Amino acid sequence: MFKEVEPTYLPLHPRPAYLIVSGKGNEVNVMAASWVMPVSEEPLRIALALDRETYTFELIEKYREFTVNVVDAKLVDKVYLAGTISGRKVKNKISYLGLHTTPSLKIETPGIEEAVGIIEARVWNSLDVGEVRLYIADVVSVRVKPEYYNEKYGWDLRKIQILLHAVGRAFTTPSRIILAERKKK
Ligand SMILES: Cc1cc2nc3c(=O)[nH]c(=O)nc-3n(C[C@H](O)[C@H](O)[C@H](O)COP(=O)(O)O)c2cc1C
């Protein structure tokens, strides 16, 4: 038996929670985002659904680039604050959160030193959907901290806890890998 509920995105959560860095120079900002997804492999493009009221929106509109920073669950408090305080209210949200930037390889917007992975992206196209601008962006560089990463499977979940956002202050992490049965030949 199913029960119909108010239309909500919640059944599509939990979703990975990332740190998005935007801007350059003394205009660099960080926010939390979980509505981020891969879209195509050739070329490699990702999508970010971004509220047009955020400071991040202003900076991405200005500079047309951003980094997606993959973080361990240890950073949960910082991710939550990055997602509940606007860079318009605090002078430098990155240092306010005790985080540090690290230069990117292909774009001027930096990454987050404390992240385990940094994806550099340049906006390719966008579409307004409700309160959001949906950005489709070209991935121009992908870097990982290799001690947490396996070329075959991606993140080594024995070494790292990828942070997923449920709702509000509630987060979770994937705790184990489950292998599906092999296909019969
Ligand atoms: C875990 C988490 C995930 C979030 N995901 C998104 C998202 O995908 N898109 C979005 O526009 N806002 C998202 N937010 C809200 C923004 O992070 C929030 O509006 C933030 O304060 C914007 O910061 P800024 O004004 O400094 O850019 C999320 C918040 C949290 C806590």
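Student: Which residue has a polar side-chain atom 2.9 Å from an oxygen atom of the ligand?

Tutor: Happy to start there, keeping in mind that this is a predicted model. A polar contact here needs a pair of N or O atoms within 3.5 Å. An oxygen atom of the ligand and a polar side-chain atom are 2.9 Å apart, and that side chain belongs to lysine 93.

Student: How much of the ligand's area does the protein bury?

Tutor: Begin with the ligand taken alone, which exposes 650 Å². Of that area, the share buried by the protein is 86%.

Student: Which residue has a polar backbone atom 2.8 Å from an oxygen atom of the ligand?

Tutor: Let's look at the backbone this time. Isoleucine 85 places a polar backbone atom 3.2 Å from a ligand oxygen. The distance of 2.8 Å, again from a polar backbone atom to a ligand oxygen, belongs to tryptophan 35.

Student: Which element supplies the largest share of the shell around the ligand?

Tutor: Good one to check on the structure. The ligand is surrounded by 21 residues, with Ala32, Asp51, Thr56, Ser86 and Gly87 the closest. At least two shell residues come from each of strand 3 (29–33), strand 5 (44–51) and helix 1 (55–63). The largest share is four residues, and the element supplying them is strand 3.

Student: How many residues of the shell are charged?

Tutor: Sort the shell by residue class. Ten of its residues are nonpolar and nine are polar. The charged residues of the shell number two.

Student: Now for the sheets: what is the bridge partner of leucine 164?

Tutor: Consider the open sheet of three strands, paired antiparallel in the order 1-13-14. Its edge strands, each pairing on one side only, are strand 1 (15–16) and strand 14 (170–172). Strand 13 (residues 164–167) runs antiparallel to strand 14 and is joined to it by three bridges. Leucine 164 finds its partner in strand 14, namely threonine 172.

Student: Which residue of strand 9 is the bridge partner of threonine 67?

Tutor: Follow the pairing between strand 6 (residues 65–70) and strand 9 (residues 117–129). These two are antiparallel and share six bridges. Across from threonine 67, the partner in strand 9 is glutamate 120.

Student: Which residue in the turn between strand 9 and strand 10 has a positive phi?

Tutor: Strand 9 also runs antiparallel to strand 10 (residues 132–144), with twelve bridges joining them. Along this pairing, valine 123 stands opposite alanine 137 of strand 10. The two strands make a hairpin with two residues between them. In that turn, the residue with a positive phi, about 55°, is glycine 130.

Key
Residues are numbered from 1 along each chain as its sequence is written. This is a predicted model: local features need pLDDT of at least 70, side-chain atom pairs count only at pLDDT 80 or more; totals for chains, interfaces and linings use all residues. Side-chain values use heavy atoms; hydrogens and water are left out. A residue is near a molecule or strand if one of its heavy atoms lies within 4 Å of it. A polar contact is a pair of N or O atoms within 3.5 Å; within protein, one must be able to donate a hydrogen and the other to accept it, and residues adjacent in sequence count only if both atoms are side-chain atoms. Accessible areas come from the Shrake-Rupley method with a 1.4 Å probe; for residues, only the protein chains shown count as cover. Ala, Val, Leu, Ile, Met, Phe, Trp, Tyr, Cys and Pro count as nonpolar, Asp, Glu, Lys and Arg as charged, and the others, Gly among them, as polar. Two strands pair if DSSP finds at least two bridges between them.
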